[in-house]
Amino acid sequence: MQTVTSSPEATEALAAELALLLDAGDVVAISGELGAGKTTFVRGAARALGVIEPVSSPTFTIGHRYEADVPVAHLDLYRVDGLDPEEWGDLEPYFDGTIAFVEWPEHGGRWLPEARAVVTLEHVDESHRNVRIDSDLGL
Ligand code: ADP
Ligand code: MG
């Protein structure tokens, strides 16, 4: 599906719709340039999955893990330049039994588990974002 959202709240609401279709073990890859709304999207999804803590970009750590009925992982691979087996070993636990959202999935190369949904965000203007979701989840 493809749509244009006109506010951060609208992007969060769309993410919440997707989130409710996900199961433990699912990975969502979220692409788009800086400021496109990737973290905003994750925030909306995490809220819908029962995460109460603030959801912010894990730019200075590689990931966050939030406890919820199904734990939610949020990774940001912006600073990653390809992974080696040892680095993948550090990341792997984030995917264990979670619903995992990955910003900058391109930087992880082939190590990342296959995504259940691929989200692509693009700036239209200050308040509008083009959002594409490719998945087999019926959204
Ligand atoms: P990224 O993680 O892609 O760098 P963020 O989600 O951190 O992006 O930031 C997106 C910024 O754009 C936020 O300041 C948000 O309020 C703003 N914004 C404006 N319109 C939208 C929209 N329609 N969807 C998502 N974010 C939007
Ligand atoms: Mg971000």
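Analyst: Start with one pair of residues: Leu-75 stands opposite Val-102 in β5. This is a predicted model, in which local features need pLDDT of at least 70 and side-chain atom pairs count only at pLDDT 80 or more, while totals for chains, interfaces and linings use all residues. Residues are numbered from 1 along each chain as its sequence is written, chains are lettered from A and ligands numbered from 1 in the order in which they are written, and side-chain values use heavy atoms, without hydrogens and water.

Strand β4 (residues 72–76) runs parallel to β5, and five bridges join them. Strands are DSSP runs of E with at least two residues, helices are runs of H or I with at least four, and both are numbered from the N terminus. Two strands pair if DSSP finds at least two bridges between them.

The whole sheet is open and has seven strands, in the order β1-β7-β6-β2-β5-β4-β3, with mixed pairing. Its edge strands, β1 and β3 (63–66), each pair on one side only. On average, neighbouring strands are turned by 15° against each other, direction ignored; the axes are lines fitted to C-alpha atoms, and angles between N-to-C directions run from 0 to 180 degrees.

Next comes β2 (residues 27–31). Four bridges join β2 to β5 in parallel, with Val-27 opposite Ala-100 in β5. β2 also pairs with β6 in the parallel sense, again over four bridges, and there Ile-30 has Val-119 as its bridge partner. Why is β2 described as largely enclosed by the rest of the structure? Because five of its five residues are buried, where buried means under 20% relative accessible area, exposed over 50%, and partly exposed in between (1.4 Å probe, protein chains only). In a regular strand, side chains alternate between the two faces of the sheet. In β2, Val-27, Ala-29 and Ser-31 are buried on one side, and Val-28 and Ile-30 on the other.

Beyond β6 (residues 117–123) lies β7 (residues 129–135): seven bridges join the two strands, which run antiparallel. A hairpin of five residues connects them, and His-123 stands opposite Arg-129. β7 also pairs with β1 (residues 2–5) in the antiparallel sense over four bridges, where Arg-129 is the partner of Thr-5.

Arg-129 leads on to ligand 1: an N or O atom in its side chain is 3.0 Å from an oxygen atom of the ligand, a polar contact being a pair of N or O atoms within 3.5 Å; within protein, one must be able to donate a hydrogen and the other to accept it, and residues adjacent in sequence count only if both atoms are side-chain atoms. A polar backbone atom of Thr-39 is 2.9 Å from an oxygen atom of ligand 1.

Thr-39 (OG1) also coordinates the magnesium ion (ligand 2), together with Glu-103 (OE), at 2.2 to 2.3 Å. Donors are N, O and S atoms within 2.8 Å of the metal (3.2 Å for Na, K and Ca); water is not among the atoms, so sites may look incomplete. Thr-39 is in helix α2 (residues 38–48) and Glu-103 in strand β5 (residues 99–103), 64 residues apart. Both are buried: Thr-39 has a relative accessible area of 13%, and Glu-103 of 2%.
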